[in-house]
Amino acid sequence: MATSHTTEAVNLPSAVQERQRRAKFRRNMFYLALLAVGLVAPFVAYPVFLMKILCFALFACAFNLLLGYAGLLSFGHAAFLATGGYVTGYLLASYPGLTPELGILAGTAMATLLGALFGVLSIRRQGIYFAMVTLALAQLMFFVFVQSSFTGGEDGLHGVPRGSLFGVIDISSNLAMYYFVFAVFVFGFAVIQRTVHSPFGQVLKAIRENEPRAISLGYNVDAYKLLAFVLSAALAGLAGSTKTVVFQLASLTDAHWHMSGEVILMTLLGGVGTLLGPLMGAGLVVSLQHLLAQSPLGNWVSVILGIIFVVCVLSFRSGIIGELSKMYRKNFK
Amino acid sequence: MRADEVTKGPVLETRGLTKEFRGFTAVDNVNLQVQEGHIHALIGPNGAGKTTVFNLLTKFLPPTRGEILYRGQPITSKKSNEIAQLGLVRSFQISAVFAHMTALENVRVALQRQLGTSFHFWKSEKSLDHLNDRALALLEEVGLREYADTLTVEMPYGRKRALEVATTLALDPSMMLLDEPTQGMGAEDVDRIVALIKRVSQGRTVLMVEHNLSVVSRLCDRITVLARGAVLAEGDYDSVSRNPLVREAYMGSEAAEEASA
């Protein structure tokens, strides 16, 4: 269906069409290769480690949808990750009959609602004011999580049961769990990919490129930004919910503003506004934390990440994937 | 509904339009009437408040006082995007294009609003492909057909302004507000844009801010001169250019011209 569409609708010069078709083919092949890597990975590396990367990658992808494609810098995304995590953790721990996918769905739904609320309160603010409002709201949520009884306060929630997917597929083994997490990630990634390349994505891009012009074309830009914000919050919540099922715990670490900072770091390091950047960034940051934690430099994790961040912002602003694709375009096109 | 209202009065009218910024009055009690089908120019020395009037008309700034009527209906309380949806579409002083989109995509973004699928994040971009023909036709109209696949950021300045016109035309506006459409252009580009404005103004009303008086004399049916935020004179080109008050307001440049002549 896709091919018939392009041939009849566009009467662009055929060379351009041919180039686009080939680029699309290459892109599809690349994603297929990535998919294969993802499927084989748990036999090469420790699945729990990979699941951690995937959860944070999804979180970073969600954040990137907002920063990279809507141009909005949220400094409160930890709130959505934590909300997803706590709601899922609480439900699964309290209601043994509940299957994990329903728990995740509920956590995601709650994060989505919170995203809508945050969005309505913050979306009219521009630039740094938007970041400050989101930070303030997230700190408010942190306070709520500390004080509430359902979150376990300072202790957090432990021993959340993984249970059986749809009540039939046992995901207590790490390998089975991995494939579920991988499926969730692929789903989240596909949603983002589609959103970016949708009619909505086109308007979002126009708003990011020139907001006054988008307004003068009759678009209610606040409504578009709000939808992007809610989508991003929903996917961040999905990441948090999934993470809780993987590690069987939910804690204040996820709600802390450090987490909101970390996701910014991951996204910028990997390449903001690129689809694969957040995956790369999350992989790098999680791996570094993992490696450093076992080395004598363990106490220096934040310092080292900080230095990397500064170097990244100063010398390669478009991030690893951004720089790579620039290089590719320069040399191979 | 439109047709019978047309004959009754001006398309766009302001009554006592005023904008104050902390005690400074940028626009002072402006009563403007733009007639259907006219190309109406808003001229005046730097700082006269021309662009502020534009921003007020399109609600990019809220007026301090006064009323704006479009086809007899008050639009003072409407939002910028709602005004655009009424068919009153503005351009900007600096070229307003979507730089990292192709020329075709620039026009298509304007066209896609009518589809009503602009919030559909689950649909493929391909659902917009059937707009490509219309977008290409619009590019053709402004002489940019061969730029369809060029990223806008790579286009020459004059072409960007033409693209802006194509994007505006995509909305099929009944009235266009052009803010200095020839600003910063070489003579050749100016001629091209003047011809373009003349052509696309058929069946439309145009209100434009313009510094270049030769452009104004070639295009405009009616001219309003602003000075220090207030209307100084109004009329056709000949009567305005003979008006001693206008000559005085422009004296710096007039005197220089006479000295060199």
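Trainee: In this predicted model, which residue takes a positive phi in the hairpin of E1(B) and E2(B)?

Mentor: The model is a predicted one. Strands E1 (residues 12-21) and E2 (residues 24-34) of chain B pair in the antiparallel sense over seven bridges. Their hairpin has two residues between the strands, and the residue with a positive phi, near 40°, is B:Arg22.

Trainee: Which strands stand at the edges of the six-stranded open sheet of chain B?

Mentor: The order of the strands is E6-E7-E8-E3-E9-E10, with mixed pairing. Neighbouring strands are turned by 15° against each other on average, direction ignored. Two strands have a single partner each, so one side of each is left without a neighbour in the sheet; these are E6 (88-90) and E10 (230-235).

Trainee: In which sense do E7(B) and E8(B) pair, parallel or antiparallel?

Mentor: Strand E7 covers residues 175-179 of chain B and strand E8 covers residues 205-209, with five bridges between them. Within this pair, B:Leu177 lies opposite B:Leu207. The sense of the pairing is parallel.

Trainee: Why are H4(A) and H6(A) described as roughly parallel to each other?

Mentor: Helix H4 (residues 78-94) and helix H6 (residues 127-147) of chain A have axes 9 Å apart, and their crossing is left-handed. Angles under 35 degrees count as roughly parallel. H4(A) and H6(A) are therefore roughly parallel, since they pack at an angle of about 30°.

Trainee: How many nonpolar residues has the contact of H4(A) with H6(A)?

Mentor: From H4(A), the residues are A:Ala78, A:Ala79, A:Ala82, A:Thr83 and A:Tyr86, and they meet A:Leu137, A:Ala138, A:Met141 and A:Phe145 in H6(A). By class, one residue is polar and none is charged, while the number of nonpolar residues is eight.

Trainee: Which helix gives the largest share of the side of chain A that touches chain B?

Mentor: The contact involves 30 residues of chain A and 38 residues of chain B. On the side of chain A, helices H1, H7, H8, H9 and H10 each supply at least two residues. That side divides into 15 nonpolar, 11 polar and four charged residues. The largest share, eight residues, comes from H8(A).

Terms used. Residues are numbered from 1 along each chain as its sequence is written. Chains are lettered from A and ligands numbered from 1 in the order in which they are written. This is a predicted model: local features need pLDDT of at least 70, side-chain atom pairs count only at pLDDT 80 or more; totals for chains, interfaces and linings use all residues. Axes are lines fitted to C-alpha atoms, for helices over the stretch in contact, and angles run from 0 to 180 degrees between N-to-C directions. Helices (H or I, at least four residues) and strands (E, at least two) are DSSP runs, numbered from the N terminus. Angles under 35 degrees count as roughly parallel, over 145 as roughly antiparallel, 65 to 115 as roughly perpendicular and the rest as oblique. A crossing is left-handed if the near helix is turned anticlockwise from the far one by less than a right angle, and right-handed if clockwise. Two residues are in contact if their C-beta atoms, placed from the backbone, lie within 7 Å. Ala, Val, Leu, Ile, Met, Phe, Trp, Tyr, Cys and Pro count as nonpolar, Asp, Glu, Lys and Arg as charged, and the others, Gly among them, as polar. Two strands pair if DSSP finds at least two bridges between them.
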